[in-house]
Amino acid sequence: MPVPERPKTAAPPAPSAPSAPSAPAARSASSAPPTLRERRRATAVREILDAAELHITEHGPEGLSLRAVARSLGMTVQALYHYFPNRHALVTMLVTKGYEDLFAAVQAAVDSMADSAAGAGGTAADSVADRPFVSRLLDAAEGYRGWAIAHPERFKLLFGTPLRDYAAPADGASTMAARRMSTIFQRELFGGFSPEQLAAADMPPLSPQFRAYLDQLPPDGPGVLPPPAIALLMEAWGRMHGMVVLEVFGHTSFLGDHEAELFHLAMRNMLADIHRRIPGSADAVEAGAV
């Protein structure tokens, strides 16, 4: 599902995390092992990120404090500034890492089911190819929910109330990480259909203005899909994400141990509804693939 950066409170352009090395530096780094100084810096950055994630877990995203993070590591805040020049840079790196970890959890959920299927014979690659896309989409959705429940405060950093005075750098590392994570859902939701099938999806007519806007989206994300499929993708994303948000924020706690069952039923119903609207998928739906 597409996961664009959340609209943030208007703010001056936020400095991004420490910049990547220049092209010559990147080339030399690829041909030589990192120096002792580079290894020490990488270790320090990881420790700072780990401490910041722990702080968010204990105090919530809005309670993130560079001074508190530095104190937990036995360093001064001035020393921390050598690695992250300000709070914005640290938040951007935390958001980026959050999306990367969420991507890994979703991909692992899909892969683990493929590995289980491979255990019955054949290879994992064969199992991925043979399993219905609808089943793999359900696996991806369960992986998404599982990560959110296991890391509620980090999930809130990605999708909760925008942090005051913070704005993610446009097309920065966090935005790129969000797009990468969303490619899994785009692939598993529509991977079994041709562009012609997706273009013919049963959707209310889109306004000319909306269709023109969707047509000009960049092709490295949802823009690769026909406009009706983009609208379907966003609808599916909203239904899946909305169920997870309700659970993470405690709004379905009255269901007790049955929250997981409700989520699974909701995802199956969502897929059945969406796939009935795509020509050529009705037979699979009626045969029980969803």
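**Setting up.** I am working with a predicted model, where local features need pLDDT of at least 70, side-chain atom pairs count only at pLDDT 80 or more, and totals for chains, interfaces and linings use all residues. Residues are numbered from 1 along each chain as its sequence is written, and side-chain values use heavy atoms, with hydrogens and water left out.

**Salt bridges.** How many salt bridges does the structure hold? I found twelve. The term means a side-chain nitrogen of Lys or Arg within 4 Å of a carboxyl oxygen of Asp or Glu.

**E53 and K97.** I looked at this pair and found a salt bridge with an N to O distance of 3.1 Å. The two residues sit in distant parts of the chain, 44 residues apart: E53 is in helix α2 (residues 36-59) and K97 in helix α5 (residues 87-118). Helices here are DSSP runs (H or I, at least four residues), as strands are (E, at least two), numbered from the N terminus. Buried or partly exposed? E53 is buried at 12% relative accessible area, while K97 is partly exposed at 21%. My cut-offs: buried is under 20%, exposed is over 50%, and partly exposed is in between (1.4 Å probe, protein chains only). I also noted that E53 and K97 belong to a salt-bridge network with D101 and R154.

**R136 and E188.** Here the closest N and O atoms of the salt bridge are 3.0 Å apart. R136 is in helix α7 (residues 133-150) and E188 in helix α9 (residues 173-190), so the bridge ties together parts 52 residues apart in sequence. R136 is buried at 6%, and E188 is buried too, at 1%.

**E235 and R239.** This salt bridge has its closest N and O atoms 3.5 Å apart. Both residues are in helix α12 (residues 227-248), four residues apart, which is about one turn of the helix. I got 27% for E235, partly exposed, and 31% for R239, also partly exposed.

**α12 against α13.** Which way do these two helices run? Their axes (lines fitted to C-alpha atoms over the stretch in contact, with angles from 0 to 180 degrees between N-to-C directions) come within 11 Å and cross at roughly 170°, α13 being residues 259-276. The two are therefore roughly antiparallel; angles over 145 degrees count as that, under 35 as roughly parallel, 65 to 115 as roughly perpendicular and the rest as oblique. Contact means heavy atoms within 4.5 Å. Among the α12 residues that meet α13 are E235 and R239.
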